[in-house]
Amino acid sequence: MPQTPPKIKLYTLSTCSHCIRTKRFFKDCGVEVESTDVDLLTGSEREHILELVRALNPDCSFPTICIGDTVIVGFNESKIRTALHMP
């Protein structure tokens, strides 16, 4: 039975070059992700998401990538491929 792919969440900034590169990598690989541009949120929604990001990544830097239980900070293709069991 094939393994269910892990849920992937991206916390990004809309103008961040590393974030844009991360989104492009997932798109080019045909990997479905749930992406949130934190800088485009407002009010309590933004504060809530920032609290989530700080819990995952105390430096609150972007992109913060959650692949299942694995958290990767910044665009690191080799770590992403490892977490996704990709060649």
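Is phenylalanine 25 buried or exposed? In this predicted model, phenylalanine 25 is buried, because its relative accessible area is 8% and the cut-off for a buried residue is under 20%.

The overall fold gives the setting for that residue. The chain contains three helices and four strands, and these elements follow one another along the sequence in the pattern β-α-β-α-β-β-α. The radius of gyration of the chain is 13 Å, which agrees with the value near 12 Å that a compact globule of 87 residues would have. Along the principal axes, the C-alpha atoms fill a box of roughly 45 × 25 × 20 Å. Among the contacts in the chain with a separation of 6 or more, 56% are made by residues 24 or more positions apart.

Turning to the aromatic side chains, the count of aromatic pairs comes to two. One of them joins phenylalanine 25 and phenylalanine 26, whose rings are 5.6 Å apart from centre to centre, with 70° between the planes, in an edge-to-face arrangement. Phenylalanine 25 also pairs with phenylalanine 75: the ring centres are 5.8 Å apart and the planes stand at 65°, so this pair is edge-to-face, given that planes over 60 degrees apart count as such. Phenylalanine 25 lies in helix H1, which covers residues 17–28, whereas phenylalanine 75 lies in the loop between strand E4 (70–73) and helix H3 (77–83), so the pair ties together parts that are 50 residues apart in sequence.

| Residue | Relative accessible area | Class |
|---|---|---|
| Phenylalanine 25 | 8% | buried |
| Phenylalanine 26 | 1% | buried |
| Phenylalanine 75 | 18% | buried |

For the chain as a whole, buried residues make up 33% of the 87 residues. The accessible surface comes to about 5700 Å², and 51% of this area belongs to carbon and sulfur atoms.

Which residues make the nonpolar surface patch of about 200 Å²? The patch is made by Leu56, Val71 and Val73. Valine 71 is placed in strand E4, and with a relative accessibility of 33% this residue counts as partly exposed, because that class lies between the limits of 20% and 50%.

Definitions and conventions:
Residues are numbered from 1 along each chain as its sequence is written. This is a predicted model: local features need pLDDT of at least 70, side-chain atom pairs count only at pLDDT 80 or more; totals for chains, interfaces and linings use all residues. Side-chain values use heavy atoms; hydrogens and water are left out. Rings of Phe, Tyr and Trp (its six-membered ring) pair if their centres lie within 6.5 Å; planes under 30 degrees apart count as stacked, over 60 as edge-to-face and the rest as tilted. Buried means under 20% relative accessible area, exposed over 50%, partly exposed in between (1.4 Å probe, protein chains only). Helices (H or I, at least four residues) and strands (E, at least two) are DSSP runs, numbered from the N terminus. Patches are made of residues with over 30% relative accessible area and no salt bridge: like charges are joined within 9 Å, nonpolar side chains (Val, Leu, Ile, Met, Phe, Trp, Tyr) within 5 Å. Accessible areas come from the Shrake-Rupley method with a 1.4 Å probe; for residues, only the protein chains shown count as cover. A salt bridge is a side-chain nitrogen of Lys or Arg within 4 Å of a carboxyl oxygen of Asp or Glu. The radius of gyration is taken over C-alpha atoms; the globule rule is 2.2 Å times the number of residues to the power 0.38. Contact means heavy atoms within 4.5 Å.
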